[in-house]
Structures are given as C-alpha cells and as structure tokens.
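Subject: Structure for your review

Dear colleague,

Please find below the structure that I am handing over to you. My notes on what was found in it follow directly after it.

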Amino acid sequence: MIIEGLKSHGSGNDFLIIDELTTTLTFTEEERKNLAQTLCNREKLGADGILFVMKSEHADARMRVFNADGSEASMCGNGLRCVARYANDVLGLDKMIVETMKANLLVEKTEDIYKGIPTFKVEISPVSFKVKDLPLVVEKEQLQNEPLPELHDSLLFSALAVPNPHLITLVNSDVLQSELQAELSMKVNQPNELFPDGVNVSFVKELEPGSIYVRTFERGVGFTNACGTAMSASSLITCSVGLNSLESEISVYNNGGKVKCVVHYNKESKKYSIDLIGNATYEYKALIEIDLNQPEKFELLEKHDYDAETSLYAKLQAEVQSYLKTTL
C-alpha cells in the first residue's frame, strides 16, 4: 500500500496527516494503532501523533487523533489547527465544522499570528470541571485551585476536561525549572489511584499581564513542545483565578512557539469555550510504501520539504525563545 503522509505542526506539536477525506484509504482500529506506533517513532519517521482526516456524515470533515503510543485522544487543539488548514486546502472553505470524538467544532482561517504564517482559530469545547469527567478519583465534585495532598503537599491544582483531561498548577520559576513536573507526571500516568486513565499535566507561569508560559506532559506522548488543549485549559484557569480576563486575548508561550487564546463564558448555558489561535505549518510531504501486516518495514519513497514554511516559523520560534529567556 502507498500512503501519502503530510507532516504538519501547531506550535511545534507535530503530526502526520493521513487523508481519508479525498482518497479511498481506510483502516481498521488495529491498523491505526500500529501506524501511529510505527510512523511516529522518532528513530524512523517521527511525530507526536497521526491525524486521520475523514469524511463526516454531519460536518465538513472528521478528525481522529492517535498518539505516538497508539492510544486515541478525544481531542487535540494543535492537531485541529493542522486539520483545519488541510481541510481548507482540499475543500476550499475558510470556515467549517470538524467532527471530533466529543463535539463538532468550528474552525476558521484567521489573520496571521506572525506575518506569512498560515493561522487558524479553532473552538475548544466542551469544558467540564466535574472530576468524574477526567476521571479523577477524589471525594469532591470539582478541584479548582485546591490542594491535592495525595500528589503534593503545597501546590494548588485545577482539574478539568476540555474534553481531554488536564491537571494544571500555577508555579514560580524555581518549581518550573525543577524535576517536579516530570516526577508528578510520570506518577499519574502510570497505574495510580487518582487518575485511572492518566492525565495531561501542565505547569503554568505568569510572564506579565496577558501573557503566560505553559509546559505540558502529555498523556500518551510525554513532554511536548506544546499541547493545544492544555494551553486552552490553562488560559481558562488563569481567568478563573483572576490573572487574566474573559473575552480578552491571552498570549500563551510554549517551547514550540506561541498561540493566542480567548476564553468565553455563556451566561445562559453556563458553559465555557475557548478560541485557540495559532499556526498550522507544513514541514514535508512523504510518500510511504507500507505493508499493514508488517508496518515496521515501511519504506520512504519520496519526501518533499516545505523549506520556506519551516524557515519562517523558525524566525517566530527564535523570537519566542529570546523573549522567554528574559521572562521565565
């Protein structure tokens, strides 16, 4: 079988896009898992996950996300931007609805976050603060900026699903630069009593009014350059504790670059949603020959690099890293 894979990234969070929207490709669940484990291996092709872009019965397109370990994620904000760009390219729609596991979400092309970089705004929802929706096993219905003594004796944590499960804590530079995040993240992503399904863990530091830094240990992946739903959830938490304001742009910095988030609250429905705004950059297009019964023996037939795009994003990333050196 010949598969065309399009390597794309949002804030350095990189994926292989496989098109089932305009092709006749289709895969079993086991084949999707095996493809993710094989093609995402950094010693071979390499990516944080695979985005399968598919036909939808009630939206313009459908996205399924498989992490590098073969597990399926219910959502991926950075990946959704990449899918939004790809769907925009093949369908010619600047605004569309993309079906994800838990919701149909609005995506649209928007003004450049950095001159010349394709930028998309995607909806992050639904949002739930109920611990059962993560799930988190504690004797309370919610955990919002509160101690979690089973995990740490002094940090304050917030738990929410967007719909991916997230555990977020606001920290200072000393904590951020320590090994604590790695230790806690590995604890809650191995067999444990608090998070039976694991959880994304984000350490967040305020940089200046309207700007935050987010570093995330992503369930099924490990530390990533960025996690879109984590940056969205972190923005919401900074609003809930008074660091930032609803309906205002928040600049969110990460090791892979930056995005902007806007947190909305609907008073009638009493529900939150978040706009995640950032790049969708193509890195290369690869033609892969693969036997689905022996995916580890795949061969890379052709590879076309998008040098202009990657070079332009590198300029943004360099500016971000320079800024972070003075603020972290």
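A hairpin joins β6 to β7 through four residues. Helices (H or I, at least four residues) and strands (E, at least two) are DSSP runs, numbered from the N terminus. Please note that this is a predicted model, in which local features need pLDDT of at least 70 and side-chain atom pairs count only at pLDDT 80 or more, while totals for chains, interfaces and linings use all residues. Residues are numbered from 1 along each chain as its sequence is written, and side-chain values use heavy atoms, with hydrogens and water left out.

Strands β6 (residues 95–99) and β7 (residues 104–109) pair in the antiparallel sense over five bridges; two strands count as paired if DSSP finds at least two bridges between them. Within this pair, I97 stands opposite L106 in β7. Strand β6 also runs parallel to β4, to which two bridges join it, and here R62 is opposite E99 in β6.

A cavity is a set of points, on a 1 Å grid over the protein atoms alone, where a 1.4 Å probe fits but cannot get out; its lining residues have an atom within 4 Å of a point. Grid points are joined across faces, edges and corners, and a volume is the space filled by probe spheres set on the points. The count comes to one cavity of 30 Å³ or more. The residues that line the largest cavity are N13, F15, D48, G49, V65, F66, N67, E218 and V221. Two elements, β2 (13–20) and β4 (61–67), each give two or more residues to this lining, and β4 gives the most, with three.

Which residues have the most contacts inside the largest nonpolar core? They are L51, M63, L80, L160 and V252, in a core of 50 residues. Such a core is a set of buried Ala, Val, Leu, Ile, Met, Phe, Trp, Tyr and Cys residues joined through side-chain atoms within 4.5 Å; buried means under 20% relative accessible area (1.4 Å probe, protein chains only). Helix α2 (residues 77–91) gives the most to this core, with six residues. Apart from it lies another core, of 33 residues, among them L134, L194, V199 and Y213.

Finally, helix α1 (residues 29–39) has buried residues that include R32, L35 and L39. Among the elements that cover the buried residues of α1 are β2, β4 and β18 (281–289).

Yours sincerely

Note on methods:
On a 1 Å grid over the protein atoms alone, a cavity is a set of points where a 1.4 Å probe fits but cannot get out, and a pocket is an open set with protein on both sides within 12 Å along at least five of seven lines; lining residues have an atom within 4 Å of a point. Contact means heavy atoms within 4.5 Å.
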